[in-house]
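Please examine the sequence and the structure shown below. The report that follows treats the sheet, the nonpolar core and the salt bridges in turn.

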Amino acid sequence: MPNVVKLEPNPANRCFGCGAANPLGMKLTFDLDVDARRTRGSFTLGPNYAGGAGFAHGGIIAVVLDEAMGKLSRLANEQAVTAEMSVEYKKPVPIDKPIHVEGWQEEEKGRNRFRVAEIRDIQGNLLARGKGRFVTVPQAHFAEVNPVKSG
């Protein structure tokens with residue numbers, strides 16, 4: 001039986017992508033497959049995340065990919081922030097149909113984590129791919145830069 005951890009939105013977190021304390025946030029939920037070392041999520045975005053053409057806004061696509069890559073830090077029980085990210089927009093991402101996102105890490109060099117995430121439709125067609133460089137940061141750093149955490 002696979003070792004999968006459900007990553008529900010944290011009630012104390014105001015993160016736009018995955019926090020439950022942000023009333024305008026996406027509240028994305030992911031599964032962390034510990035054995036496969038991957039994150040996975042399936043959801044329908046909805047009309048609040050549409051771009052001008054009626055498909056998902058490019059910035060929202062980037063948020064979904066960034067969240068899928070960022071959650072991989074849980075595998076090593078570390079915190080990492082996005083240092084660089086690129087997105088390939090392959091096909092329009094629907095807002096009214098289910099999509100699947102999957103993320104994995106390809107390489108680790110010092111504090112750098114090189115990760116990839118993909119969004120696919122229910123037929124498996126590749127809609128978008130993100131590549132990111134994440135940098136690990138000690139927990140104490142967050143207290144230094146944000147001593148009064150809201151929410």
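In what order do the 7 strands stand in the open sheet, and is the pairing parallel or antiparallel? The order is S1-S2-S3-S5-S6-S7-S4, and the pairing is antiparallel. The model is predicted, so local features need pLDDT of at least 70 and side-chain atom pairs count only at pLDDT 80 or more, while totals for chains, interfaces and linings use all residues. Residues are numbered from 1 along each chain as its sequence is written, and side-chain values use heavy atoms, with hydrogens and water left out.

**Sheet and helix**

Strands (E, at least two residues) and helices (H or I, at least four) are DSSP runs numbered from the N terminus; two strands pair if DSSP finds at least two bridges between them. S1 and S4 each have a single partner strand and stand at the edges, so one side of each lacks a neighbour in the sheet. From one strand to the next, the twist averages 20 degrees. Angles run from 0 to 180 degrees between N-to-C directions, with axes fitted as lines to C-alpha atoms, for helices over the stretch in contact.

Within the sheet, S3 and S5 pair in the antiparallel sense over 6 bridges. Arg 38 stands opposite Trp 104 in S5. Helix H1 packs on the sheet and touches S2, S3, S4, S5, S6 and S7, where contact means heavy atoms within 4.5 Å. The direction of H1 makes about 130 degrees with that of S4.

**Nonpolar core**

A nonpolar core is a set of buried Ala, Val, Leu, Ile, Met, Phe, Trp, Tyr and Cys residues joined through side-chain atoms within 4.5 Å. Buried means under 20% relative accessible area, exposed over 50%, and partly exposed in between (1.4 Å probe, protein chains only). The largest such core holds 25 residues, and those with the most contacts inside it are Phe 43, Leu 45, Val 64, Val 93, Val 101 and Ile 119. At least two core residues come from each of S2 (30-33), H1 (58-70), S5 (99-109), S6 (112-121) and S7 (126-136). H1 gives the largest share, 6 residues.

Leu 45 has contacts beyond its neighbours within four places in sequence: Met 26, Ala 56, Ile 60, Val 64, Val 93, Pro 94, Ile 95 and Ile 99.

**Salt bridges**

A search of the whole structure finds 13 salt bridges, each a side-chain nitrogen of Lys or Arg within 4 Å of a carboxyl oxygen of Asp or Glu.

| Pair | N to O distance |
|---|---|
| Lys 6 and Asp 31 | 3.0 Å |
| Glu 102 and Arg 38 | 3.2 Å |
| Glu 84 and Arg 133 | 2.7 Å |

Lys 6 is partly exposed at 47% relative accessible area, and Asp 31 is partly exposed at 26%.

Glu 102 in S5 and Arg 38 in S3 (residues 38-43) tie together parts that are 64 residues apart in sequence. Glu 102 counts as partly exposed at 24% relative accessibility, and Arg 38 is partly exposed at 25%.

Glu 84 in S4 (residues 80-89) and Arg 133 in S7 link distant parts of the chain, 49 residues apart. Glu 84 is partly exposed at 45%, as is Arg 133 at 24%.
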